[in-house]
Amino acid sequence: MSQANYSKESILSAKTIIACALVYSLLFYANDWLTSFLEAAPGVNWIYLPAGLRLFLVLIFGLSGALGIAIASTLITFGRDLGDDMISILGIGLISGFSPYLARLIVIHNLKINPDLSNLNIQIIAISVLVFALLSTGLHQVWFVIMGIPSGSLSNAIAMLIGDILGALLFISICKFGIDLYKKFVKRESLP
């Protein structure tokens with residue numbers, strides 16, 4: 001990919017930000033509905049499918065994906081858990097959007113991932129999931145403790161870490177199944 005193409009793709013896109021925010025919100029509420037019985041504490045789930053979506057949106061769309069997730073997460077948190085504590089709400093939104101972006105920067109730099117993600121493989125995806133889950137859990141839990149949010153504890157950190165890893169792996173599996181099903185029905189070996 002040429003430098004000119006890469007810089008065009010890294011420019012923020014309002015359409016992409018809005019699309020990422022909407023898709024993330026939809027999966028968040030679907031996950032909330034499907035796995036409400038697996039919630040360890042407010043904002044802490046034993047299976048969190050949106051974790052995989054956050055990672056993929058940010059891997060694919062970069063800063064636009066991070067901003068979309070941050071906006072959606074801020075609005076979701078505002079409507080749910082913390083009343084009018086805007087500092088806590090904004091912090092959670094920023095962590096939700098930018099922890100996967102930070103993970104993206106770390107793995108792209110350290111694992112030498114191509115800007116167009118063409119050299120992604122299962123090992124790199126697994127490392128990306130682990131780096132993302134550790135960053136997301138760590139930053140969320142530190143924020144919860146600093147802000148005095150009851151979800152901040154070692155047991156909730158463990159639940160959040162497991163939930164992010166399981167959710168991301170389940171999300172990847174669902175995507176893989178969907179791609180395989182698509183290929184079967186259209187009799188193709190690869191996506192267009």
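Predicted model: local features only at pLDDT ≥ 70, side-chain atom pairs only at ≥ 80, totals over all residues.

Visitor: Why is T77 called buried?

Guide: Buried means under 20% relative accessible area. T77 has a relative accessible area of 7%, so T77 is buried. T77 sits in helix 4, residues 63-78.

Visitor: How do you know that the side chain of T77 makes a polar contact with S73?

Guide: A polar contact needs a pair of N or O atoms within 3.5 Å. A polar atom of the T77 side chain lies 2.8 Å from the backbone oxygen of S73, and therefore the pair meets that distance cut-off.

Visitor: Why does L166 count as partly exposed?

Guide: Partly exposed lies between the cut-offs of under 20% for buried and over 50% for exposed. L166 has 40% relative accessibility, so L166 falls in between. L166 belongs to helix 7, residues 154-186.

Visitor: What makes the nonpolar surface patch that includes L166?

Guide: W46, L154, I158, I162 and L166 make the patch, which covers about 470 Å². Patch residues need over 30% relative accessible area; L166, at 40%, therefore passes that cut-off.

Visitor: What makes up the largest nonpolar core?

Guide: That core has 32 residues, and Y24, L53, I113, V129 and F171 have the most contacts inside it. Helices 2, 3, 4, 5, 6 and 7 each give two or more residues to this core. Helix 3 supplies the largest share, 7 residues. Another core, of 7 residues, lies apart from it and includes V44, F144, I149 and M160.

How values were computed:
Residues numbered from 1 in each chain as written. Heavy atoms only, no water. Patch = residues over 30% accessible without salt bridge, like charges linked within 9 Å, V, L, I, M, F, W, Y side chains within 5 Å. Areas by Shrake-Rupley, 256 points an atom, 1.4 Å probe, with all protein chains shown as cover. Salt bridge = Lys/Arg side-chain N within 4 Å of Asp/Glu carboxyl O. Helix = DSSP H or I, 4+ residues; strand = E, 2+ residues; numbered from the N terminus. Buried < 20%, exposed > 50% of the residue type's maximum accessible area, 1.4 Å probe, protein only. Polar contact = N/O pair within 3.5 Å; in protein donor to acceptor, adjacent residues only side chain to side chain. Core = buried A, V, L, I, M, F, W, Y, C linked by side-chain atoms within 4.5 Å.
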